[in-house]
Amino acid sequence: MLDLTHVNEAGEARMVDVGAKDDTEREAVASGGVRMRAQTQSAIRQMGIKKGDVLAVARVAGIMAAKKTPELIPLCHTLLITEVAIDFDFVGDDFIKVTSKAKCTGKTGVEMEALTAVSVACLTIYDMCKAIDRGMVIESIQLEKKSGGKSGTFIRQKGES
C-alpha cells in the first residue's frame, strides 16, 4: 500500500508537519485550457465579450486563487508566495491554453497553488463567456513541472498521465 502523508495511522486526514524541513526555492508550472466554439475565441480576441477583457480578468482571478489555495484545499499549508504568473495561448481557433507558474521559498511546494491558479483562470473564462457559449469544456488541468524540495524536479513527459 502507498505511504500517504496526509493520513495518520488510524486512516484519518491530517496536515503534514513540515516544521523540520529546510526552506528551499520551489517552483511549479501547471496548465489546462478551455475548448470553445471558434466564434467564442474570436470574440475574446476582438474584445467582443460584454463582460470585458476576458483574459485580463482571468489572469487576476488565477493570481488571487493561488493566494487563497489553503482556504480552498483543506490540508494545504499557507505559503509566502513570491510569484504567480498566468499566460494564455490561442491554440487553433477553438482552444485557449492557460499556463501558470508559482514560486516561493519555503518548506513545502507550490504545486497546488499553480494548479488552483489554472483551474480558476479557466473557470473565469467560462464564466465570462457562458452567455454566448455554454458548451465550453475545461480540460487537461495538470502539473507540468515542479522543482525544489527533497523530492527534486518533476517534468511531465509527453503522453504521461
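# A tour from K145 across the sheet

Start by selecting K145, which is found in strand β4. The model is predicted, so local features need pLDDT of at least 70 and side-chain atom pairs count only at pLDDT 80 or more, while totals for chains, interfaces and linings use all residues. Residues are numbered from 1 along each chain as its sequence is written, and side-chain values use heavy atoms, with hydrogens and water left out. Helices (H or I, at least four residues) and strands (E, at least two) are DSSP runs, numbered from the N terminus.

Is K145 buried, partly exposed or exposed? K145 counts as partly exposed, because its relative accessibility is 39%. On this scale buried means under 20% relative accessible area, exposed means over 50%, and partly exposed lies in between, with a 1.4 Å probe and protein chains only.

Next, show the residues around K145. Leaving aside neighbours within four places in sequence, K145 is in contact with E27, A28, V29, F154 and I155. Contact means heavy atoms within 4.5 Å.

Now pick I155 together with K145. I155 is the bridge partner of K145 in β5. The two residues are ten apart along the chain, and their C-alpha atoms are separated by 4.3 Å.

**From β4 to β5**

Select β4 and β5 as whole strands. They run antiparallel and are joined by two bridges. Two strands pair if DSSP finds at least two bridges between them. The hairpin of β4 and β5 has six residues between the strands, and there G148 takes a positive phi near 100 degrees.

**The whole sheet**

Strand β1 (residues 24–35) and strand β3 run antiparallel, with twelve bridges between them. Two positions can be picked out here: T24 stands opposite G106 in β3, and V29 has K101 as its bridge partner in β3.

Go on to β2. It pairs with β3 in the antiparallel sense over ten bridges. F90 stands opposite I96 in β3. Three residues lie between the strands in the hairpin of β2 and β3, where G92 takes a positive phi near 60 degrees.

**The helices on the sheet**

Then select helix α4, residues 111–129.

Within α4, pick T116. T116 counts as buried because its relative accessibility is 9%. Not counting residues up to four places away in sequence, T116 touches A65, T69, L72 and I73.

E12 counts as partly exposed, because its relative accessibility is 46%. Beyond residues up to four places away in sequence, E12 touches H6 and V7.

**The chain as a whole**

Finally, show the whole protein chain. Its secondary structure comes to four helices and five strands, and along the sequence these follow the pattern β-α-α-α-β-β-α-β-β. The C-alpha trace spans about 50 × 30 × 30 Å along its principal axes. Of the 161 residues, 36% are buried. Among contacts between residues at least 6 apart in sequence, 71% join residues at least 24 apart.

To end, colour the chain by charge. There are 22 positive and 22 negative side chains, and the centres of the two sets lie 5 Å apart. Lys and Arg count as positive and Asp and Glu as negative, with His and the chain ends not counted. The place of a charge is taken as NZ of Lys, CZ of Arg, CG of Asp or CD of Glu.
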